[in-house]
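Good morning. I will take one residue, look at what surrounds it, and then step back to the whole chain. Please have the structure open.

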Amino acid sequence: MTREIFFEVDGGTLAALDHGGSGPPVLLVHGSGHNAAAWSAVVSWLLPGHRVIAVDLRGHGHSTAGSATAEQYWRDLAAVVAATGWERPLLVGHSTGGYAVTAVTAAGLVEPRGICVVDGLVLDDRETAQRTLSGFRTPEAADGLRRTFGYGRRFDATERDAWIESQITAASTDRCDGRTGTDRFNGGTGVDRFEGGTGTDWVDGETGIGTGTGTGTGTGTERLTGGAAAGRLNAGAAPALVRAVCERSLVGDGVFLRRPTTEEITATTTPPMDAPVHPSVDVYRRVTCPMTIVLPTGGFYADRRPEVTAVVKAAPHRRLVDIDAGHNVVMTHPRQVAGVITTMTSG
């Protein structure tokens, strides 16, 4: 039975969903705008043969800790692993979570069985990475994140409910690269069993797509449906999964804050240029454990396949897996993602 647990970290706590199970330990780490609930359908395919915990990063979900620096969110994973007492867990990260599991391993803070990076790569040199990240720290970028994904927005109860419904509708009606996702949710047959989903990772080139046409009428000054980008990212995800992630991303009593805030994004996209572990391609030189990269054909890095292939070929025990999906593959193709994880734990 799934239960909520908490880990003490600097400045507060990290919340997590402890799914139980027995067997190889697996820590699941979501991307920006998501939270631990995003993995619930994947978990249904991992149990009971794995011991599984999915964590809320700083500034996300039910975690009380926020980011003051660009490194805290991935350093926290070491505290989580230490608290569990696990020896050599498999670390699995989607999008920003993919960099998080890479960074904590590269820093030597965790010695995992391996890392699974799901469309969460850093392929630029340091100078290019710094320039790209600086683009997320402008007032214009913050405004785009608020309009497109609702980051930092505050809703009353009516607005909250309308926003959640808008996310479900967008995911149900928008298509991603002509596909709607092949893993279908069926609560009765055991195909992607899931109880209790949106999350929207910020993405280069997509922060300004939202048109802000939506439904809020009370405390919010902007009207919002979630934007075209959010719908595309979640296209094909089960409505129950979208709802669960949306609900977990809204915290408060009477007034509900959509997490993460734009201030959180600013903090996490300001790494020191001279940091030993930096969100740039040189980080992979520090990773010596087995690594599997999941590359969705319609994901963020699909057009950079030669660079991804170079990362895989640069060291032994690395593998590249293609999945015919968009970026949000953990929610739209959970059975296939779980299959990749199972291959790593059984190898």
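I164 sits in helix α6, which covers residues 157–173. Keep in mind that this is a predicted model. Is I164 buried or exposed? Its relative accessibility is 3%, and the limit for buried is under 20%, so I164 counts as buried.

What does I164 touch, leaving aside residues up to four places away in sequence? The answer is R243, C246, E247 and L250. Three of these, R243, C246 and E247, are also on the α8 side of the contact with α6.

Now the two helices. Two packed helices are described by the angle between their axes and the distance between the axes. For α6 and helix α8, residues 239–249, the angle is about 145° and the axes are 9 Å apart. The crossing of this pair is right-handed. On the α6 side, the residues in the contact are W163, I164, E165, Q167, I168, A171 and S172. On the α8 side they are P239, V242, R243, C246, E247 and S249. Sorted by class, this contact has 7 nonpolar, 3 polar and 3 charged residues.

Next, the cysteines. The structure holds 0 disulfides. C116 has 0% relative accessibility and therefore counts as buried. C289, at 11%, is buried as well.

Last, the whole protein. There are 12 helices and 11 strands. Of its 347 residues, 58% count as buried. The accessible surface is about 13400 Å², and carbon and sulfur atoms account for 51% of that.

That is the end of my part.

Definitions and conventions:
Residues numbered from 1 in each chain as written. Predicted model: local features only at pLDDT ≥ 70, side-chain atom pairs only at ≥ 80, totals over all residues. Heavy atoms only, no water. Disulfide = S-S within 2.5 Å. Buried < 20%, exposed > 50% of the residue type's maximum accessible area, 1.4 Å probe, protein only. Helix = DSSP H or I, 4+ residues; strand = E, 2+ residues; numbered from the N terminus. Areas by Shrake-Rupley, 256 points an atom, 1.4 Å probe, with all protein chains shown as cover. Contact = heavy atoms within 4.5 Å. Axes fitted to C-alpha atoms, helices over the stretch in contact; angles between N-to-C directions. Left-handed = near helix turned anticlockwise from the far one by under 90°. Nonpolar A, V, L, I, M, F, W, Y, C, P; charged D, E, K, R; others polar.
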